[in-house]
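The following exercises concern the structure shown below. Please work through each task before reading its solution.

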Amino acid sequence: MDAALDAFAERGFHGASVEDVCERAGFSRGAFYSNYSSKTELFIALYQRQTERVLAVLDASAGPAGELDGRDFSTVVTEFLSAAPHDRRWFLINYEFGLLAVRNEASRAAFAAVRNRAWTIFAAHLTDLLERMGLELTVPALELTRWLFAVYEGGATQAFVEPDVVSPQEISERVNPIILAAVTRAKD
């Protein structure tokens, strides 16, 4: 998968061939096709791996279950976003695949499905964190998750275009506390 990440980031999703990925990984085409039916399926596996990495950072940011150290919800989310990996390679292929998904129905369905699974898991983690902090949302957790990711992805885009002006997490760090304050309240 690392070979695919490098190949896709360097040559683009369409520009990188299965052979490019195999050559970088030291595998044959047969080995590729015994694991993945297509480059799209490989991208979906990369997306799932990235989701697992991001959720591990979220869990580490929140601390052990049943134990919080007095930080507010906004601080925990901001710390998570600051600690989340900001890999330019991942940014490139994620956005390129997003554009492909807008143009291609099959890719759109696969991309929407993997994103929705990731966001549903993330929303469950947010809900658990809120519960541990004695808070509740005034909007559905999945809706809030979509907002947070939209702010993060937009900020990351600006950061990669203008790295001297803004960092990948800076816009999220500024905007998320406003969003989170507006949609959370103490549980009755």
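**Exercise 1.** Determine the order of the secondary-structure elements along the protein chain.

*Solution.* Read from the N terminus, the elements follow the order α-α-α-α-α-α-α-β-α-α-β. The chain thus comprises 9 helices and 2 strands, where helices (H or I, at least four residues) and strands (E, at least two) are DSSP runs numbered from the N terminus. This is a predicted model, in which local features need pLDDT of at least 70 and side-chain atom pairs count only at pLDDT 80 or more, while totals for chains, interfaces and linings use all residues. Residues are numbered from 1 along each chain as its sequence is written, and side-chain values use heavy atoms, with hydrogens and water left out.

**Exercise 2.** Describe the packing of helices H8 and H9.

*Solution.* Step 1: H8 spans residues 141-161 and H9 spans residues 170-183; they pack at an angle of about 165°, with axes 9 Å apart. Axes are lines fitted to C-alpha atoms, for helices over the stretch in contact, and angles run from 0 to 180 degrees between N-to-C directions.

Step 2: H8 and H9 are therefore roughly antiparallel to each other (angles over 145 degrees).

Step 3: H8 contributes Leu144, Trp147, Leu148, Val151, Tyr152, Gly155 and Gln158 to the contact, and H9 contributes Ile171, Ser172, Val175, Asn176, Ile179, Leu180 and Val183; contact means heavy atoms within 4.5 Å.

Step 4: The residues of this contact comprise 10 nonpolar, 4 polar and no charged. Here Ala, Val, Leu, Ile, Met, Phe, Trp, Tyr, Cys and Pro count as nonpolar, Asp, Glu, Lys and Arg as charged, and the others, Gly among them, as polar.

**Exercise 3.** Is Asn176 buried or exposed, and which residues does Asn176 contact?

*Solution.* Step 1: Asn176 lies in helix H9.

Step 2: Asn176 is buried, with a relative accessible area of 0%; buried means under 20% relative accessible area and exposed over 50%, with partly exposed in between (1.4 Å probe, protein chains only).

Step 3: Leaving aside neighbours within four places in sequence, Asn176 is in contact with Val77, Leu81, Leu148 and Val151.

**Exercise 4.** Which residues touch the most other members of the largest nonpolar core?

*Solution.* Step 1: A nonpolar core is a set of buried Ala, Val, Leu, Ile, Met, Phe, Trp, Tyr and Cys residues joined through side-chain atoms within 4.5 Å.

Step 2: The largest such core has 55 residues, of which Phe8, Phe43, Phe73 and Leu144 touch the most other members. Helix H4 (residues 39-62) gives the most to this core, with 10 residues.

Terms used:
Parallel < 35°, antiparallel > 145°, perpendicular 65-115°, else oblique.
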